[in-house]
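Here's a quick tour for anyone opening this one for the first time.

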Amino acid sequence: MMITNDLTKEQAETRKDQIENIKYQITLYLNKTDLEYEGNTIINFNYKNTTNRTLRIDFITTNIKSLKVNGHLISNYKKYDYWIYIPVSELNIGPNNIQIDYINKYDNTGSGFHRFVDSEDNEVYIHSDFEPYDAHLLFPCFDQPDLKAKYKLTVTGPKDWQFIHNTEIQTESIDGNFKTIIFKNTELFSTYIFALVVGPHEVWEDSYNNIPLKIYCRKSLAKHLDPKNLFEMTKESFQFLENYFDIPYPYKKYDQIFVPEFNFGAMENVACVTFTEHYIFRSKQLYSEYLSRSNTIFHEMVHMWFGNLVTMKWWNDLWLNESFADYLSYYAMSKGKLFPDAFEFQFSRKEWAYMQDQLSTTHPIVGSAEDTADAFSNFDGISYAKGSAVLKQLTYYIGEDKFRDGIRLYLKKFYENNTVLEDFLMCMSETSGIDMVEWSKKWLETTGVNTLKFNLDKDQCYIEQMPSETNHKIRDHAIMYETYDEKDGKISIVESNKIIISSAKTDVNISSSSKFTLLNAQDHDYVKIHFRDEELNFIYNNLKNINDRFTQRIIWGNLWQMVRDNTLSAIWFLNLVEKYSDIEMDSTVLQEQMLQKTMSIKSFYLINDYRELWSNKLYNLAYKNLEKNQNDQFQISWFNLLLSCAESDTGLNDLKAILNGELVFDNLTIDQEKRWNIVSKLCAYGDSDYENLIITETENDPGDLGDKRAFMCRVSIPDLQMKNQYWEMFTQKKQNHSSKYLTYGMSGFFWYKQNELLSKYVEKFFDDIINIYKNKDVHYSSNFSHILFPSIMNVEEMLNKTELFIDQNDDLPKLCKKSLIENKDHLKRRIKILNSQKQTTTDTDMEVLI
Ligand SMILES: [Zn+2]
């Protein structure tokens, strides 16, 4: 059996029975140059001995210098790769302490204790990142969420560094070039939200009431950061959340640190939140990016209550952290001044949930997690986007006030404790007066997304509810509908109501004479809507006259779901984009609902006959619109489409002219990010001058971000010998490069244009994938499997190969298997859509095909 670094639910339960009342005293010695650091940890705890099993301490380290139990050096402990076993004979019933002196290596995976050298100024930055199960990469511990502890941290390091932890500094003493910081004792919390970030960061300060606020980022990126905006969002969020939860912020300060080479968007460490540097915008972004960054700030703040103060007992209830943070962040924003349109973007985020919930690997919101590998895979569209959507549905179902009161009760009742599903249901039942058990069974404990369709039988209107393909489940849906009529070219709402849909066919009292009925108006429900042919015709002819932006988004979003479900032709969708995109007045609808989906259709859902045709058509559409010189939001959106569709000689020459400044569009700044995007594309399409292009941009953009983009460009070059070398790099067991650097490179490997050149990488992928999962951390493996799966190759062939590989290898690491099954599902969906296009290529009436 393969030994992997996992903790099972059962092992966690055993340990929970063995010990209680845990305190860690952690001392670390860091310097700028070494690749290793020294540490000393004293764990104080009460031993209960209810099981008489050895006591497991989770710990990955290079070298244990000494291990003492209750003051005595012992040698009869067992050290394995990932943990230490302490014999029962060494422990007392009651209080114990274990002291471990050790030497450890820094990590370069983004997780654990990650060390980063800024190539622009040679400064060193180190951050911790532990969720779900990596705290034991920094210090020996009982690394599970329901063994909450208090921590006392002392760190010695270079005197010009910042030291940022979950609590404030208690004392600081300088000795030569070093200083020693003793932090105040922490509150009680789980190991995965412990944090230490160090380095010569730039810092900005502000406050909210009595809470000191700080923002940090590395020096070389400080010029791009906008702390004023970030503080403003932070304060708006604090103001809403303290009031909404009716519990003051439970910690003493609030720090937000942007850290290099981070794996997630952000991490909610207690009072010491870390963010990806992608949120430091080096160029003008689309509005949706600013909103999404703000959403992440709100999301992490919700976690201070939901997750940090009250924590799920085990990872199967990850939704108790993530679904709430996801939903309440949008909710809080929608009640504020900065981004009151946040729910429109939650609607877009649901696409992640619909996609994932229709894969055969989906799971209920209340998931299962046998071990920490499952825990990792639960950080997905179900725990976040679906959970969030279902909580929005619950709010609409029982009412906003009752929902809020249930939340308040839950947080007060389980203050500093751990919880399971039943605890939440009990609180919601109490405040709503509705038994939540049945509701939970239908929504939280089953998989799948329903589809609703408005229909007419003579004059009787009814709503069909269709189950998910895999589970035949019908649910209770609280929705709002709107009916529309058209008069003299004007479209107006004639009726709007809240109704509950409970069965497969629900008769409804809606006027049968109206031209168009929109189900799930305002998007309170988690459901897909399929339109009838009459409604599709109405949309085709009248979309521009529907003024409400949210309604427009909902219509486009559901058309997209119909394309994915193969109930609407992708060509029809593209025709609609062609018809309306250049008169669309709202840049967010244009970008998210039209052009982004158009680019996905072009990449995945068009047969070869159509692909080139549409690429050219869309290129011309983008060019024509760029010439209109609309504001920068439009210009960025159209530029993205232009770049994506530049495949002909003319297109590539235009890109080069844009790069050289010979072709200029008003209100469009070709900043460094766009320059790199152009150079990647030119490299991939065989530009003979690639070496000069890359050197010029590297000079324009010194530092690690430029290095990473340059690496991606080099990997993009269509040269088999170079590709072989890079593949070697991606698959090597030991790596000097950081995972992030390699991931940038992976993104340049496959290009549709290069599918013949790269055909041998289908076999190579399957040859290497198992070892990647065996030898690399979960983040790297998951990136490898997603980015380097050769989805540009012939889809039928890829499907056969993937199915065969899964069948022939029964011992696949489980996350590897899950990823391959998901790739297989995506291919099957594509094949269905592509086959339906093949059947209609002879149809001369194709343009209006529905
Ligand atoms: Zn979260």
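Let's start with the metal: a zinc ion is held by His299 and His303, each through NE2, and by Glu322 through OE, at 2.0 to 2.1 Å. Keep in mind that this is a predicted model.

**The zinc site**
- Along the chain, the zinc donors are spaced as H-x3-H-x18-E.
- His299 sits in helix 3 (residues 287-305) and Glu322 in helix 4 (residues 319-334), so this pair ties together parts that are 23 residues apart in sequence.
- Is His299 buried or exposed? It counts as buried, because its relative accessibility is 6% and the cut-off for buried is under 20%.
- Glu322 is buried too, with a relative accessible area of 1%.

**The annotated stretch**
- The unreviewed UniProt entry marks residues 231-443 as "domain: Peptidase M1 membrane alanine aminopeptidase".
- That span is 58% helix and 8% strand, and its end C-alpha atoms lie 37 Å apart.

**Domains and how they meet**
- The protein is split into domain 1 (9-199), domain 2 (306-443) and domain 3, which is made of 450-525 plus 527-548.
- At the meeting point, 16 residues of domain 1 are in contact with 23 residues of domain 2.
- Together, domain 1 and domain 2 bury about 1400 Å² between them, and 57% of that is on carbon and sulfur atoms.
- Three residues stand out here: Lys9, Pro132 and Lys148 supply 38% of the area that domain 1 buries against domain 2, more than any other three residues.

**Helix 24 and His779**
- Helix 24 covers residues 778-787, and its buried residues are His779, Tyr780, Ser781, Ser782, Phe784 and Ser785.
- What covers those buried residues? Among the elements doing so are helix 6 (372-377), helix 21 (720-731), helix 22 (739-747), helix 23 (761-775) and helix 26 (814-840).
- The N-terminal end of helix 24 is capped by Asp777, which has a side-chain oxygen 3.2 Å from the backbone nitrogen of His779.
- His779, a member of helix 24, has a relative accessible area of 8% and is buried.
- Leaving aside residues up to four places away in sequence, His779 touches Ser111, Asn263, Phe264 and Phe376.

Conventions:
Residues numbered from 1 in each chain as written. Predicted model: local features only at pLDDT ≥ 70, side-chain atom pairs only at ≥ 80, totals over all residues. Heavy atoms only, no water. UniProt positions renumbered as here; feature names shortened; annotations may be inferred. Helix = DSSP H or I, 4+ residues; strand = E, 2+ residues; numbered from the N terminus. Donors = N, O, S within 2.8 Å, 3.2 Å for Na, K, Ca; no water. Buried < 20%, exposed > 50% of the residue type's maximum accessible area, 1.4 Å probe, protein only. Contact = heavy atoms within 4.5 Å. Polar contact = N/O pair within 3.5 Å; in protein donor to acceptor, adjacent residues only side chain to side chain. Domains from an automatic or database assignment. Buried area = accessible area lost by both parts, 1.4 Å probe.
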